Structure formats: C-alpha cells, structure tokens
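Good morning. Please look at the sequence and the model on the screen, and I will go through the contacts one at a time.

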Amino acid sequence: MTTDLQVQADVALIRRLGGATKVASLLGYGRPQRVQNWLKRGIPPRVKLDHPHIFLRHVDLQPEVERVHA
C-alpha cells in the first residue's frame, strides 16, 4: 500500500530527476502519461526495483548490510 507520504516523496523524486517527461525518457517509455500517473499514485515498487540506478541511488543500504553481517 502506498501512503500519502510515500507519494509525496515519489513526486519530489520525479521532480528532482527533471519531471515526468524526463523520467519517461530515462525509462525508455515513448510517452510520459505513465509517469504522470505516478504523481498521483506513487512510483510502483516493481519499477523502482527494476531501475535502482534511477530510483534507489539515494537509499543508503549500508546500515542494513552491516546489521546482516554482524
């Protein structure tokens, strides 16, 4: 389930990346409508996982890695 807070974070990320048209282009989508929908619904988790170099590069996983290997 996507919360309002997560949708707001996704909207901010799309804007930081240059907007819906730019993100659609980065993903190889022909038109930006799909990404425009994410401004209301949030970025689907599968898309984030399929494109971590775009959507998850700001996530710091080091604390989790250290916890698992402790």
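**Salt bridges and helix contacts**

The count of salt bridges here is 2, a salt bridge being a side-chain nitrogen of Lys or Arg within 4 Å of a carboxyl oxygen of Asp or Glu. One of them joins D10 and K48, with the closest N and O atoms 2.9 Å apart. D10 sits in helix α1 (residues 4-16) and K48 in helix α4 (residues 45-50), so the pair ties together parts 38 residues apart in sequence. Helices are DSSP runs of H or I, at least four residues, numbered from the N terminus.

This is a predicted model: local features need pLDDT of at least 70, side-chain atom pairs count only at pLDDT 80 or more, and totals for chains, interfaces and linings use all residues. Residues are numbered from 1 along each chain as its sequence is written, and side-chain values use heavy atoms, leaving out hydrogens and water.

Now the helix pairs. The axes of α2 (residues 20-27) and α3 (residues 33-41) come within 8 Å and cross at roughly 125°; axes are lines fitted to C-alpha atoms over the stretch in contact, with angles from 0 to 180 degrees between N-to-C directions. A20, V23, A24 and L27 of α2 make the contact with V35, Q36 and W38 of α3, where contact means heavy atoms within 4.5 Å.

The axes of α1 and α3 come within 7 Å and cross at roughly 140°. Here V7, V11 and I14 of α1 meet V35, W38, L39, K40 and R41 of α3.

Last, confidence. The mean pLDDT, the predictor's confidence in each residue from 0 to 100, is 85 for the protein, and 79% of residues reach 70 or more. Confidence is highest in α3, at 97, and lowest in helix α6 (residues 62-68), at a mean of 51. Where pLDDT is low, predicted coordinates should not be read in detail.

Definitions and conventions. Helix = DSSP H or I, 4+ residues; strand = E, 2+ residues; numbered from the N terminus.
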